[in-house]
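Subject: Structure handover and findings

Hello,

I am handing over the structure below. Please keep it open while you read the notes.

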Amino acid sequence: MTEAGFRDLTNGLEPQALAERVRDGMSEMDPTLKGFGIGVEAIGPGYAKMTMTVRKDMLNGFGICHGGFITLLADSAFAYSCNSYNEMTVASGISLDFMAPGRPGDVLIAEAKELFVAGRTGVYDISVVNQKGELLAMMRGKSYRLKGRAIVDL
């Protein structure tokens, strides 16, 4: 227990090593990553970068990537970034704006960055670009931390 009465969820690990352990633990429990071919390219404290290739079965009736898949990728990066401290954190809200469509074969890259954390809440910005660096979507995520609940046992 810490001075505040909560368990130590870091076990003395450096923040980067902790984020990597959380990434590994979350990936084991996340069949969505495998099912949609989402890769975790980078992780750090309050940060995640993930990729997904737009497949034929992800296209809508207009032949472009369904917005739900872009949102899925952005939300996944959001989840990994805000859980990187090994304290279970859930989304309390998201707002997403589309700028351009994803095309068949595009490699989408979602990058989530922590902007602010205080107490149990946090704010994150997530950008989604294609392999050319063209901005497809911006998402703002608000998080709620469930104090004292570890993602992985250390």
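The notes below go from the whole chain to single residues.

Ground rules come before the findings. This is a predicted model, in which local features need pLDDT of at least 70, side-chain atom pairs count only at pLDDT 80 or more, and totals for chains, interfaces and linings use all residues. Residues are numbered from 1 along each chain as its sequence is written, and side-chain values use heavy atoms, with hydrogens and water left out.

**Whole chain**

The protein has 3 helices and 6 strands. Both kinds of element are DSSP runs numbered from the N terminus: helices are H or I with at least four residues, strands are E with at least two. The order from the N terminus is α-α-β-β-α-β-β-β-β. The radius of gyration is 16 Å, close to the 15 Å that the globule rule gives for 154 residues, so the protein is as compact as a globular protein of that length. That radius is taken over C-alpha atoms, and the rule is 2.2 Å times the number of residues to the power 0.38. The C-alpha trace spans about 55 × 25 × 20 Å along its principal axes.

Of the 154 residues, 40% are buried. Buried means under 20% relative accessible area, exposed means over 50%, and partly exposed lies in between (1.4 Å probe, protein chains only). The accessible surface is about 8000 Å², and carbon and sulfur atoms hold 54% of it. Areas come from the Shrake-Rupley method with a 1.4 Å probe; for residues, only the protein chains shown count as cover.

Among contacts with a separation of 6 or more, 64% join residues 24 or more positions apart. A contact means heavy atoms within 4.5 Å.

On charge, there are 16 positive and 18 negative, and their mean positions are 4 Å apart. Lys and Arg count as positive, Asp and Glu as negative; His and the chain ends are not counted. Each charge is placed at NZ of Lys, CZ of Arg, CG of Asp or CD of Glu.

**Helices**

Helix α1 covers residues 15–28. Its 14 residues reach 20 Å from first C-alpha to last, close to the 20 Å expected at 1.5 Å a residue. The expected span is 1.5 Å times one less than the number of residues. Buried in α1 are Leu18, Ala19, Val22, Gly25, Met26 and Ser27. They pack against α2 (31–36), β1 (39–44) and α3.

Helix α3 runs over residues 67–82. Its end C-alpha atoms are 22 Å apart, which agrees with the 22 Å that its 16 residues should span. Its buried residues include Phe69, Ile70, Leu73, Ala77 and Phe78. Ser76 also lies in α3. Ser76 is buried at a relative accessible area of 9%. Beyond four places in sequence, Ser76 is in contact with Ile38 and Met50.

Two residues sit in the loop between α3 and β3 (89–98): Tyr85 and Asn86. Asn86 has a positive phi, near 70°, and is not a glycine. Asn86 is also buried, at 0% relative accessibility. Tyr85 is partly exposed, at 26%. Leaving out residues up to four places away, Tyr85 touches Leu18, Pro45, Gly46, Glu114, Tyr124 and Arg145.

Strand β4 (residues 107–118) holds Leu108 and Glu114. Leu108 is buried, with 0% relative accessible area. Glu114 is partly exposed, at 28%.

Leu108 and Leu73 are 35 residues apart along the chain, yet their C-alpha atoms are separated by 8.2 Å. With residues up to four places away not counted, the contacts of Leu108 include Met50, Ile70, Leu73, Val128 and Leu136.

Glu114 and Gly44 lie 70 residues apart in sequence and 10 Å apart in space, C-alpha to C-alpha. Neighbours within four places aside, Glu114 is in contact with Gly46, Tyr85, Val123 and Tyr124.

Ser143 is in strand β6 (residues 135–145). Ser143 is buried, with a relative accessible area of 2%. Outside four places in sequence, its contacts include Phe78, Cys82, Arg120 and Tyr124.

Best regards
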